[in-house]
Amino acid sequence: MAGTRGQGADAPAPSPTRDTAPGTAIAETAGATDPRALRGAGDGIALRVIAPVMRIIEIPMLGLQRVLGINRLAWVFLLPNLLLFGLFAFLPVILNVVYATTGGDNVMLADRPGIGAGNFTRLLDCANHLDPNTCREDKFWRAVWNTVWFVTLQVGVMVGFSLLTAIVLNGKIRARGFFRSVFFFPVLLSPVVVALIWKWMLQRNGVLNAFLDWAGIGGYNWLVDAQWAFAWSVFLSVWAHMGFYTLILLAGLQAIPRDVYEAATMDRASPWRVFRRITLPLLAPTMLVVLVLALIKGVQTFDEVYAFTGGGPGTATTFIIQYIYEEGFAGSPRLFGLAAAASLLVAAVLVVLTLVQLWVNRKSVDG
Amino acid sequence: MTHLKLLGTTALALGLAAPAMAQEIRFMCYSDGNECEVYDDVLTRFEAENDGVDVIVDVVPYQAILENLPIQLAAGSGPDMAKVTDLGGLSQYYLDLAPYVDRGYWESSFGDTLSWYRGADGGDAINGMHSQLTITGAFVNATLFEQAGVEMPADDATWEEWAEAASAVAEATDTPFPMALDRTGHRFAGPAISYGASILSEDGTPSLSDEGFAAFTAQFVEWNNDGTMARDVWAGQGGATYQDAAQEFINGELVFYYSGSWQVGRMDEQVGDFFDWQVVGSPCGPAGVCSGMPGGAGIVGFEQTEHPEIVAAVIDFLAQEDIYAEVTARTRNLPAHLGVAAAGVEFEDASPAAAAALSAFASDLPDVAPAAFRYQGYVNNRAMFGITAERVSQAIVGELSVDEAVERMASDLEAALADAQ
């Protein structure tokens, strides 16, 4: 805390720019000095008006500072935010943990009997965890395995395509700016809109089948076939989120110094060799961040697939978040406890992934 | 003045149902057709008679009634009254109207439907007014039968005979789907009972796994896999999500559609002259039982209301024979009010097809098995509907065999009963 305060005191210019590009930041600050000095005269009058008003706030704050000391005064400024965070972030988390240890279908905590780890044992009770049919909560395990498959395929395909797209968009192609924005557009769409558009194309009387019929190949009922519905869900998710990761990778590619490539050109290295020996290794830190982010997002997949297939056919595209939603809110009886327990299990996985991301980040910054 | 407001689900989830002001009554309503509009209109008269009372009809999607209302009620922030379909499941929140209304009139007018609102404990409370009686049954595309030159099966025909006939028609006319049944355990229960399922025995023991239930499950799965049933309906969704096939029927892509009397208004409006349709009631099972499922919606008041006497007065107003008859006629529903039913309803603007359909449904009522009536009023029936939809779908797509699905239905039911105490 002391460090931040020190920096704030002797650095009037915004400091973040300085870290990345010191030269430009200094130049800009120097250029800006002139007009600022001219405006100073007007500011003086404004200050004279505002100052007495601010005094009203200043007096109690000075008193507080005297009582608490300058270090502890920071808590006074943090208090409103802490209260909001406590109420809307920490309290729900605590409530979630408490709900996970209770059973029954009552909403109010007071009416719910405590059952300890009962919900967790119910979820984890399996003769063979690889075969959902042997599990007590078979739907949970179906959702888990569906999610594992989905995340593996989706992240793999998506990062691969993002890399390819980023490399193409980083090259000297015509209408580069246009294509860069085209690939980013799906990210701006609401996931539900994306799902409905694709559903419209893929359903029995959809656009794709109309085209296939016209081409003489004959339509197919994609969304009623478990494998195809799953494959299209992966496709849809890749389509919708690819642009975001492409953007990060593009930034990573542009951060690779040009001179390394120039040196490679002088050595007459083949493009493939340049890609493998220069691009990939220097892109690795960005790549790891992208992978971990995509993994976390993948585990959380719900809205787009729910609007797309409703989790069907059967449970073919039911993922873990949908399972939680259905147990806790859509089904009957409403098993808030079971849903809370399942969400804590997912949270545990996400925490592990986030720690990996932090570790990777630190490593890439330090190294 | 009455206001008709369309509130989003989210807004309701946030508990937007404003704290009741002096004499403000909030009525959470959903429509199958035009019910809420008609209530809103009729209640304007009530407001004119009762100075200072303002009944606000909040029109919400059906999903909000199913998912949000119970949570609002549990949290104590629900509306004053609502139109609901989970009649028994919400019974703990109902306002007993008995102190405010004429018990003799209500009992003679609504008879057995009153017990659907009493939940597991029974008793003699007057908890709600059954506003629309529904019964499940089949709609048939008569034009397709004519084109195919296939004779329509007789009134006492079995499910198998209908399946055969519908398949023949579909094949002859190149129609994509011979049959379809809405994706819900409620629709499934009628034929299951006809196949010998007890579902809810007389002593109140529920079952989703007896021989009759398993027999219809096996038959239904087979029909889905051989193309007799439209696979899209049950296999195209996940979880316990409701899915109907009304649009397919309206588009003329479906020969035989098992749904219920609440669809008559929609068929009447949207099919028009496109083809001739008629209602054939519920086909029979192998044992000669030809049951559908009764059901419907009712208007209830909630105990949490600050104006119980006004809420009771509003519901009592809607229950009066002339008002009830008017609403029934304008909304094209089957009356649950015995007096109105006995007098007959002159359906407003209904085409001959719709009027015939409604009377076909009405005449099918005596065929409804006692188990079906018990099931409709059963507290945990919503859980059982969900289990049926989920597990039968899994059997259809091949994730479970029929036997496994039946086993899972049994264990799911056991768990659900334990969870619901």
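Which residues touch the most other members of the largest nonpolar core? In this predicted model, they are B:Trp106, B:Phe256 and B:Trp277, in a core of 140 residues. Helix H17 of chain B, residues 381–397, supplies the largest share of this core, with nine residues. Domain 1 of chain B (4–133 + 295–356) and domain 2 (134–294 + 366–419) both contribute residues, so the core lies between the two domains.

Chain A is built with 15 helices and zero strands. Of its 367 residues, 33% are buried. Among contacts in chain A with a separation of 6 or more, 60% are between residues 24 or more positions apart. The accessible surface of this chain is about 21900 Å², and carbon and sulfur atoms hold 70% of that area.

Next comes the contact between the chains. The size of an interface is often given as the accessible area lost when the parts come together. Here chain B and chain A bury about 2500 Å² between them, with 43% of it on carbon and sulfur atoms. On the chain B side, B:Glu399, B:Arg408 and B:Asp419 lose the most area to chain A, and together they account for 21% of what that side buries. The contact involves 32 residues of chain B and 36 residues of chain A. Six salt bridges are counted between the two chains. B:Arg408 forms a salt bridge with A:Asp138, where the closest N and O atoms are 3.5 Å apart.

In chain A, a cis peptide bond with omega of about -5° joins A:Gly312 and A:Pro313. A:Pro313 is in the loop between helix H13 (303–309) and helix H14 (320–330). Another cis bond runs from A:Ser332 to A:Pro333, with omega near -5°, and A:Pro333 lies in the loop between H14 and helix H15 (336–366).

A:Ala175 is not a glycine, yet its phi is positive, at about 50°. This residue lies in the loop between helix H6 (138–170) and helix H7 (176–188) of chain A. B:Arg332, also not a glycine, has a positive phi of about 55° and is found between helix H13 (321–331) and helix H14 (338–343) of chain B. Are these two residues buried or exposed? A:Ala175 has 41% relative accessibility, so it counts as partly exposed, whereas B:Arg332, at 14%, counts as buried.

Technical notes
Residues numbered from 1 in each chain as written. Chains lettered and ligands numbered in written order. Predicted model: local features only at pLDDT ≥ 70, side-chain atom pairs only at ≥ 80, totals over all residues. Heavy atoms only, no water. Core = buried A, V, L, I, M, F, W, Y, C linked by side-chain atoms within 4.5 Å. Buried < 20%, exposed > 50% of the residue type's maximum accessible area, 1.4 Å probe, protein only. Helix = DSSP H or I, 4+ residues; strand = E, 2+ residues; numbered from the N terminus. Domains from an automatic or database assignment. Contact = heavy atoms within 4.5 Å. Areas by Shrake-Rupley, 256 points an atom, 1.4 Å probe, with all protein chains shown as cover. Buried area = accessible area lost by both parts, 1.4 Å probe. Salt bridge = Lys/Arg side-chain N within 4 Å of Asp/Glu carboxyl O.
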